[in-house]
Amino acid sequence: MDADETGLRARLVAAGVDLVLREGQSAVSLREIARRAGVSHGAPRRYFPTHVDLLSAIAREGFADLTARVEQTMRDVDADPRTRLTALARTYLDFAAAHRGMFELMFRHDLLDSGRLRLRETSLPLFAVLADLVAQVRRPTDAPATVLAGALWANLHGIAQLWAWGSLPLATGATDDDALLRTALDAHLGPTPA
């Protein structure tokens, strides 16, 4: 690809990212992205032969954003593994709340399973960070670190989704998700040491 083609592809992806962030993943279409990028409606097909290709390119940008946020969090927080794990979980929940459409798009199984743009290779390192921290704080009687990390991730993802839908605030009366985050960590890893 020459510079003009690379620039157009990047413009199309940027228009898709903006669309997902503003209106959610259901608003994404090749035609709408072409309109926003100021190109013919057929132009995106040159770079994204299928809708899955386009969504994968957009999701990859979401993973890059989340990865950068996690890396910054890990640089800014104390070296204690439990503190780092709490900060990582907070970063995840904050990303989900601030970037609802992108968050929902990023974890679509059909995109991750498609092999398009190697999304698994982009998302799995984030899970590895979580699993490594869990391995450092897990109790000897706990499940293997990857299983425990998977259960914790599922719990955090559920908190993010149910909070966004309004179900958790309604059911719990909570005004923020901090207590839920702490409870999830304690449930999976034991109480925070005094």
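## A tilted ring pair

F127 counts as partly exposed, at 21% relative accessibility; here buried means under 20% relative accessible area, exposed over 50%, and partly exposed in between, with a 1.4 Å probe and protein chains only. The model is a predicted one, in which local features need pLDDT of at least 70, side-chain atom pairs count only at pLDDT 80 or more, and totals for chains, interfaces and linings use all residues. Residues are numbered from 1 along each chain as its sequence is written, and side-chain values use heavy atoms, with hydrogens and water left out.

W153 is also partly exposed, with a relative accessible area of 33%. A pair of aromatic rings is described by the distance of the centres and the angle of the planes. Rings of Phe, Tyr and Trp (its six-membered ring) pair if their centres lie within 6.5 Å; planes under 30 degrees apart count as stacked, over 60 as edge-to-face, and the rest as tilted. A search of the whole structure finds six aromatic pairs. For F127 and W153, the ring centres are 5.8 Å apart and the planes stand at 50°, so the pair is tilted. Because F127 lies in helix α8 and W153 in helix α9 (residues 145-164), the pair ties together parts that are 26 residues apart in sequence. Helices (H or I, at least four residues) and strands (E, at least two) are DSSP runs, numbered from the N terminus.

## The aromatic cluster

Which residues do ring pairs link into a cluster? The members are F63, Y92, F103, F107, F127 and W153.

Among the six aromatic pairs found in the structure, that of Y92 and F103 is edge-to-face, because the ring centres are 5.4 Å apart and the planes stand at 70°. Y92 belongs to helix α5 (residues 81-98) and F103 to helix α6 (residues 100-106), so this pair ties together parts that are eleven residues apart in sequence.

T122 lies in helix α8, which covers residues 119-137. With a relative accessible area of 17%, T122 is buried. Its side chain makes a polar contact of 2.9 Å with the side chain of R60. A polar contact is a pair of N or O atoms within 3.5 Å; within protein, one must be able to donate a hydrogen and the other to accept it, and residues adjacent in sequence count only if both atoms are side-chain atoms.

V20 is found in helix α1 (residues 3-23) and counts as buried at 1% relative accessibility. Leaving aside residues up to four places away in sequence, V20 touches Q25, V28, I58, G101, M102 and L105, where contact means heavy atoms within 4.5 Å. The C-alpha atoms of V20 and T122 are separated by 19 Å, and the two residues are 102 residues apart along the chain.

## The protein as a whole

The protein has eleven helices and zero strands. Of its 194 residues, 42% count as buried. Its C-alpha atoms fill a box of roughly 60 × 35 × 30 Å, taken along the principal axes. Among contacts between residues at least 6 apart in sequence, 64% join residues at least 24 apart.
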